[in-house]
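Student: Could we go through this structure together? I would like to start with the overall fold and then move to particular contacts.
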Amino acid sequence: MNEREGRKKNSWFWRWFLNNQVVTALLIVLLILLILIAFTKVSYLFEPIWQFIGVVSLPIVLAGIFYYLLNPAVDFLEKKGLKRVNGIILLFLIVVGLIVWGVVVIVPKIQEQSMSFANNFPDYMNTVDEKAREILRDPIFAQFQTQIENYSDKLMATLTDFIQNFSKSTISSVGKIVSAVANVVVAIMTFPFILFFLLKDGRRLAPYMVRILPNRWRKPTLTVIDEMNEQVSSYIRGQLTVALAVAILFIIGFSIIGLDYAVTLGIVAGVLNMIPYLGSFLAMIPAIFLGIVAGPVMLIKVIVVFVIEQTIEGRVVSPLVLGSQLSIHPVTILLVLLTSGKLFGLLGVVFGIPIYAAGKVLLTHLFDWYKRESRYYYDEKEANEDIPPES
């Protein structure tokens, strides 16, 4: 029997297939792909599960965001001697008070400015069109006037068609809109309860979940979960803090220069700032548009406000709040935003970076485990010894 096993282990089939880690990895990948193909053939069986996930995902996401925001404050109050439940109730009362203040003070202001902008938008477009035609009448642009006017007419026609099609699609999908509004209302009603129990017992959740794993996997899994949690919490708290600072900076700056709709533009800028690198520039589009309408002096003032805000945000606010916690290269961030936005739209743009950060932690630990277990990675000194010296 031993001789037969020896011949078997020395055979080419054993060396090239049965005892080859590359072939084993390829077989595992093949099996995973076959399993995925099998799932696609019976996907209708999982339709109730996807519907359930679609219903509960929004309140869970909202609860998770507020958990990362409020949990440090709850921990601080608990360290000061206040019972955790009492601290949670106190923070809930403060948040409710801020929401009521926002509904009473901020929301009417935003509504008033939005309605005013919508009513004045045709006049704004006429003003911009007149100024554009004045520029085109300049001798420098005379030779390109026909081409520019044609492109301008095509652009306006495309914009008009888009607005009409958007209106028709909106009217035809009233049922979907009502359903979406209903889901949002249900999420707003239910996520405070989820948030309360997360703040109360969230620290016990991970240790409870890993109890189903084998003993040797529990500690590494807890380490990975803690690092992922730290990455996501740092990003969410940092981005929301920076967004609030950006909104305040723009509101103050636009109010000082006397730009219309300063409050609304500042809040929009703060919300869009949660999209890294692109949000602030997108928020400046309506501000620059209004600056063009108001005249060249106002346009210069808007640009100055934008430069000052970007300087304060880039040199002071972001380094203090975010620092280099994610350790993600800016090019990587742009690639993640482009990919996630293409695949998942606005949600992908907003949540792509924290998901990437969490996935990076998981893949890093998996690769470290593979290096420890694989024979392809060994001690660095031994690896350096294998490299021939330079001549």
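This is a predicted model: local features need pLDDT of at least 70, side-chain atom pairs count only at pLDDT 80 or more; totals for chains, interfaces and linings use all residues.

Student: How many helices and strands does the protein have?
Tutor: The protein has 13 helices and 0 strands. Helices here are DSSP runs of H or I with at least four residues, strands are runs of E with at least two, and both are numbered from the N terminus.

Student: What share of the residues is buried?
Tutor: Of the 391 residues in the protein, 23% are buried. Buried means under 20% relative accessible area, exposed means over 50%, and partly exposed lies in between (1.4 Å probe, protein chains only).

Student: And which contacts join residues at least 24 apart, as a percentage?
Tutor: Among contacts between residues at least 6 apart in sequence, 68% join residues at least 24 apart. A contact means heavy atoms within 4.5 Å.

Student: What does valine 302 touch?
Tutor: Leaving aside residues up to four places away in sequence, valine 302 touches Phe254, Ile257, Leu259, Met284, Ala287, Ile288 and Gly291.

Student: Is asparagine 273 buried or exposed?
Tutor: Asparagine 273 is buried, with a relative accessible area of 6%. Asparagine 273 is in the loop between α9 (262-272) and α10 (279-294). Not counting residues up to four places away in sequence, its contacts are Gln239, Val242, Ala243, Val246, Gly279, Ser280 and Glu313.

Student: Changing topic: how many salt bridges are there?
Tutor: The count is 3 salt bridges, where a salt bridge is a side-chain nitrogen of Lys or Arg within 4 Å of a carboxyl oxygen of Asp or Glu.

Student: Which residues are linked in a network of salt bridges?
Tutor: The network links Asp75, Glu78 and Arg84. Aspartate 75 pairs with arginine 84, with the closest N and O atoms 2.9 Å apart, and glutamate 78 meets arginine 84 at 2.8 Å, N to O. Arginine 84 counts as buried because its relative accessibility is 9%, whereas aspartate 75 is partly exposed at 22% and glutamate 78 is partly exposed at 31%.

Student: What of lysine 200 and aspartate 201?
Tutor: Their side chains meet in a salt bridge at 3.5 Å, N to O. Lysine 200 is partly exposed at 31%, and aspartate 201 is partly exposed at 22%.

Student: How many aromatic pairs does a search of the whole structure find?
Tutor: The search finds 5 aromatic pairs. Rings of Phe, Tyr and Trp (its six-membered ring) pair if their centres lie within 6.5 Å; planes under 30 degrees apart count as stacked, over 60 as edge-to-face and the rest as tilted.

Student: Why is the pair of phenylalanine 66 and phenylalanine 191 tilted?
Tutor: The pair is tilted because the ring planes are at 35°, with the centres 5.3 Å apart. Phenylalanine 66 in helix α4 (residues 47-79) and phenylalanine 191 in helix α7 (residues 174-209) are 125 residues apart, so the pair links distant parts of the chain. Phenylalanine 66 is partly exposed at 27%, while phenylalanine 191 is buried at 13%.

Student: Which residues do ring pairs link into a cluster?
Tutor: Ring pairs link Phe92, Phe196 and Phe197 into a cluster.

Notes: Residues are numbered from 1 along each chain as its sequence is written. Side-chain values use heavy atoms; hydrogens and water are left out.
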